[in-house]
Amino acid sequence: MKPTELKNQTILPDLSDNLTRIKDIAGGSSDLLINEIEVCGIKVALMCCEGMLSTSTITELILHPLMNIKLENPSPAALLTHIDTKMLLSVDRPIAYNYEDFFRLLNSGFAMLAADGQDRILAFGVQGYDKKGIDEPSGENNITGSHDGFIEVIRSNMSLIRRRMKSPVLVQKLFVMGDKSQTDMCICYMSDRVPSSLVEKIMDSIEKMDLESVLSTGYVQPFIEPDKKRLFNSVGRTERPDVLCSKLIEGRVAILVDGNPFALIIPKLWSDDFQTVDDYNFKPYFATFIRWLKYGAFLISILLPSLYVAIAMHHPELLNSTLLLILAESEQNAPFSIIAETVGVLLMYEIIKEAGLRLPKAVGGAVSIVGGLIIGDAAVNSGLISTPLLTVAALSVVSGFVVPDLSQAITVLRIVFIICGGIWGIFGISLFGAAVLFNMCATGDYGFPYTAPISPFKAKTMGDIAVREGFRKMQNNNFTVEELHE
Amino acid sequence: MNKISNLQLFSVLFSVKAFSLICSGVTPDASQMAGAAISVIAQYLLAVPMIMLYKHDGFSLKKEMLFGKFGKLLYALFFIICGAVSFNRLWGVSKSVYFPVDSSLACSVILAAVCLYCASMKFSALSRSSLIISGIFIFTAAILILGAYSKADLANYIPATDFGSVIHSAVRNFCSSGELVMLFILLEFSSADRHKGVTAFFTGSLILTELIYIIEITVLGKIINLTDFPFFTAGAFSQPFSIQRADSLYMIAFTLLCVLTVTLQLVLTSVLVKEIIPDLKYNTLLSVILMLGLSALLNSTGADLSPVMGVLIIMLSVVIPVIMLIRRIYNEKKTGADGSNASAMRVQSQN
């Protein structure tokens, strides 16, 4: 049965009918706990979902006060009104009038109180399910920034943001998506920095989702990033609350999904991938140096193997004699063509990486050793792969780690560039480069170009792109992404 | 098509100009330099009526094109010829400079496929890419200057004395510059203060032309007469680093500029073709096939389209805009006079 169908079914007033209906809908699910008791001589039922709430909390905050209620003229209506208006059993106290709301609240960890003869059920927010503690993010490590990251529980993530942004203009709106999963999602933005039209457009895109379940941010992303043909993501992702807050201040919109420790950020710019929290804690000159190092690493990771192949196969005149001799000497004994050799090495690396990622950590480490040291060393010693090629491939792969958010695009583009460089030399690399550049420049949703502020060029914002200005200069900037809107 | 900023207008046209300069087979000398300067200044003056035309409230080239669909057809034809000439330039360069592609035709077909893909993106992708590509070209030019600094010999520059050859060079330069026609169309999509983008383009164009000519003259000296493409030869002669050649950089810049130029011509042609025949499908593919076909024809027959291009440039960038401007001013005056007569009559009737 779809939750939307349950929406039209109002709560049955007769308690036994009501409980029968609830059990029917739940299909005899074992985690539905129903406790029928009498309060002031009135039959009530306290229901909860096992494992979703804290037993001590429900005993202390709900059961004890309930058993101590004394009414002069007890009636079911008077009992619920008394509990609702005169007792503060929890701070979050919604009321369910239909079975859709009832099950959503019940399965979210609320304690539900139904009384005989009443067509409403009181809910008490006493959630107390097991959750992972707030820990350092695994993918966005830093040295000098904060060390807490988002977790799987959306409310904890909302509180992590709120703790950093106490301003009332920070809006965090919860809503539910997914017919079956009934997943809580939250849209966050600074109301004084984001035009309401942008929030409306994003919400319109989300409402187009007709998924049965929303289990991670990846389910949502295609709906808020409508252009399918693009190589690069125009929606950002972070698991750090401090990063998210900095983006919110820049006038961006974030989306949190319950059950996933990542937040989506809209819009995303290409330059975002090169900025880290540490940049703003280091001295500006060092942060600028690191930033240019990252730009260089990005180019090396994509282009170095293809340039090696193109130069070795078609343009040896571009090398000086020493380099050319080293290259010729090492490649003359290799049994495969340079293009096959390069693609092979990189594919081998991808296989080892995947194996290392999916296996348990202890085994994963062993795979890396076997892959990296044994296979790599053996391949060179046996003459299957030349040493310069392995050096180039390793340098390219390591450079790719510098900008992990672009790793998907880098991995695929690197191989296509190698093929183009191997077939048509630098001409091929340039042609494919032009196609990638056009694709990149066409990327951008909701009117925010992905390549901004480089193109279209905005001089004002280059202070955090070409260099990293000091906070004294940045404090007067008041930059919002709206300035980049086209 | 989306609106483009003045900076994007500048970068699009600047890239097209850079491409034509890189592929130019003209042997530069002092007369060419003076002629090119006169040509650029003349083009700038001829752009004034275009800017004036666009300053009129509510002017839209799409709606008010002279001769309607026939006018649009002329522009589309011009851009097809420009595209064919661009492919021809690629053929020429690929014969002289080493391209690891089996034949020049294959080279053009691969480029056409990439341009077709690029043209399938929004026009904004083209305008944004142009800024990055012009940046890469400026970086390349800087490397060229760095390398040329030690190799250049100012004694190779002999000042022009023949006024006739200067004028001849100016006319020749003007008749091979399609940028003025592109400017007329692109102004339709550019934002306010169009004169800023136009002034920036012609200033940049003048500086770039003179800079490349002077580098070619001073670096190559007498060898210049023996080379088909002086830019590439000058690049090969002026290596900035002793241990590493920079030729690949010129090839990268050349290819990127070539893709941008052909894509622009393709986009403009397909937009015009779509307006002439709205129901036509695959108009971009059709346009690129026409360009490639014409290019192959030119290559096989060795025909020189410069006179045709010259006539078309004068007609499309001088005659048509001026007539449209006069028509617009006349219509506005007429409307103004009619309006004042009508109001005078209303006043009389009220009295």
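Colleague: What does the secondary structure of chain A come to?
Modeller: Chain A has 16 helices and 10 strands, counting DSSP runs numbered from the N terminus, with H or I over at least four residues for helices and E over at least two for strands. This is a predicted model, where local features need pLDDT of at least 70, side-chain atom pairs count only at pLDDT 80 or more, and totals for chains, interfaces and linings use all residues. Residues are numbered from 1 along each chain as its sequence is written, while chains are lettered from A and ligands numbered from 1 in the order in which they are written.

Colleague: And what box do the C-alpha atoms of chain A fill?
Modeller: Roughly 105 × 55 × 40 Å, along the principal axes.

Colleague: Okay, how many residues of chain A are in contact with chain B?
Modeller: 24 residues of chain A, and they meet 28 residues of chain B; contact needs C-beta atoms, placed from the backbone, within 7 Å. On the chain A side, 15 are nonpolar, eight polar and one charged.

Colleague: Switching topic: which residues are buried in helix α10 of chain B?
Modeller: Pro230(B), Phe231(B), Ala234(B) and Gly235(B), in a helix spanning residues 230-237. Buried means 20 or more other C-beta atoms within 10 Å of a residue's own, with C-beta atoms placed from the backbone.

Colleague: Where on α10(B) do the buried residues sit?
Modeller: They fall within an arc of 140 degrees seen down the axis, so they line one face of the helix.

Colleague: What covers them?
Modeller: The cover over the buried residues of α10(B) includes α1 (6-22), α6 (123-151), α9 (194-220) and α11 (247-276) of chain B.

Definitions and conventions: Two residues are in contact if their C-beta atoms, placed from the backbone, lie within 7 Å. Ala, Val, Leu, Ile, Met, Phe, Trp, Tyr, Cys and Pro count as nonpolar, Asp, Glu, Lys and Arg as charged, and the others, Gly among them, as polar. A residue is buried if 20 or more other C-beta atoms lie within 10 Å of its own, exposed if 12 or fewer, and partly exposed in between; C-beta atoms are placed from the backbone. The arc is that of the directions from the helix axis to the C-beta atoms.
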